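Me: Hi! Could you walk me through this structure with me? I have it open here.

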Amino acid sequence: VTITTRLLVSHLSGIRHYEKDITKVKEEKEKANRALKLTKSHQDKEQKEKEGKGIEKTDCAKQKKEHDGETKSRNSKPGRKDKEFEQEEYYLKEKFESVIESLKIFKNDPLFFKPGSQFLYSTYGFTLLSAVVERASGQKFTDYMLKMFRDLDMLSTVLDDNEAMIYNRARCYVYNKKGRLVNAPYVDNSYKWAGGGFLSSVGDLLKFGNALLYSYQAGEFKNRNSKLLPGYLKPGTVAMMWTPVPKTEVSWDRDGKYAMAWAVVEKNQQYGCCRQQRHYASHTGGAVGASSVLLILPEELDPEALGTWPVAPPRGVIVTIICNMQSVSLNSTALKIAREFDKEKRAQ
């Protein structure tokens with residue numbers, strides 16, 4: 001078979017994730033699909049009932065529904081782990097000197113499916129991608145990334161190296177089986193630098209989001225303002241990264257599809273005065289004792305007004321949250337925050 005870098009970056013390579021048993025992976029996928037169908041069926045039923053009665057749900061009813069959801073979340077057993085965190089390989093303590101060396105973990109395992117035919121999120125796919133970067137650049141992957149972070153002015157983004165003294169490094173926490181907070185177990189992330197081996201700060205992730213958003217929008221302003229500096233990436237490159245790839249899926253956002261290392265929701269409105277879907281890109285992160293999200297909501301630019309706008313890109317809302325606790329769902333929270341700020345900007 002042939003595995004391309006595009007397949008790797010979109011998780012279509014067939015390379016396994018932490019679960020080695022393909023039967024279990026298929027079972028979990030089927031369960032998730034059934035749950036999604038049930039949710040959609042329930043939503044359709046509610047919509048039909050609402051149309052039949054000829055009334056809309058009040059804000060009070062909506063607030064009660066949201067409150068009920070929050071209550072269920074608070075009352076759920078914190079000791080219950082995500083299936084992913086039950087995998088032994090999540091807790092590796094072996095130190096690898098290079099990304100090439102870490103390939104030995106999975107290089108002899110069979111592919112789960114023909115590359116390009118199905119979606120399976122794979123951290124090891126990104127480990128292989130980091131090896132490609134290392135060979136193509138002629139540098140160690142970690143050195144290559146640290147230089148890139150310096151170019152982006154992300155000076156607080158470093159390797160999660162257990163031996164290094166890292167200023168302001170946070171302690172990480174997990175819930176034990178009794179539902180009590182305890183320190184996260186010791187792990188060595190040198191086997192997955194690309195998929196979850198860097199430490200960062202909210203400020204640095206905002207810089208990263210702004211650099212991408214600037215690159216994405218700079219092409220719109222280029223012809224009208226020759227003084228505008230180029231983006232870190234070409235506008236077309238970011239647009240390609242944020243274009244949904246066929247046969248992909250996103251577990252944490254039912255409106256989204258997977259693109260190139262990003263979950264993307266496309267602009268969509270099917271009916272007048274009804275639900276409007278804005279274009280945004282996001283990604284969550286989960287590690288032993290930590291959770292995170294970065295969401296970018298670009299402002300919808302008016303081509304006719306671009307030449308008269310006094311403010312250059314980036315234009316939009318960027319939300320990032322880093323939490324030093326495991327298995328915290330953050331994507332919907334980030335989207336709500338982004339929408340509130342976007343609403344305020346429109347009102348001005």
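**Starting at Thr157**

Reply: Thr157 is buried, with a relative accessible area of 6%; buried means under 20%, exposed over 50% and partly exposed in between, using a 1.4 Å probe and protein chains only. A caution before going on: this is a predicted model, where local features need pLDDT of at least 70 and side-chain atom pairs count only at pLDDT 80 or more, while totals for chains, interfaces and linings use all residues. Residues are numbered from 1 along each chain as its sequence is written, and side-chain values use heavy atoms, with hydrogens and water left out.

Me: Thanks! Where is Thr157 found?

Reply: In the loop between α6 and β1 (158-159). Helices (H or I, at least four residues) and strands (E, at least two) are DSSP runs, numbered from the N terminus.

Me: And which side chains does Thr157 make a polar contact with?

Reply: Ser200, at 2.8 Å, and Asp204, also at 2.8 Å. A polar contact is a pair of N or O atoms within 3.5 Å; within protein, one must be able to donate a hydrogen and the other to accept it, and residues adjacent in sequence count only if both atoms are side-chain atoms.

Me: Switching topic: which residues touch the most other members of the largest nonpolar core?

Reply: Tyr124, Leu212, Trp242, Trp262 and Ile296, out of 41 residues in that core. Such a core is a set of buried Ala, Val, Leu, Ile, Met, Phe, Trp, Tyr and Cys residues joined through side-chain atoms within 4.5 Å.

Me: Which element gives the most to this core?

Reply: That would be α5, with four residues. Domain 1 (1-34 + 82-177 + 188-197) and domain 2 (200-347) both give residues to this core, so it lies between them; the domain bounds come from an automatic or database domain assignment.

Me: Nice. How many aromatic pairs does the structure hold?

Reply: There are 10. Rings of Phe, Tyr and Trp (its six-membered ring) pair if their centres lie within 6.5 Å; planes under 30 degrees apart count as stacked, over 60 as edge-to-face and the rest as tilted. For Tyr18 and Tyr90 the centres are 4.6 Å apart and the planes at 40°, so the pair is tilted.

Me: What about Tyr18 and Tyr124?

Reply: Those two form an edge-to-face pair, 5.6 Å centre to centre with 70° between the planes. Tyr18 lies in the loop between α1 and α2 and Tyr124 in helix α5, so the pair ties together parts that are 106 residues apart in sequence.
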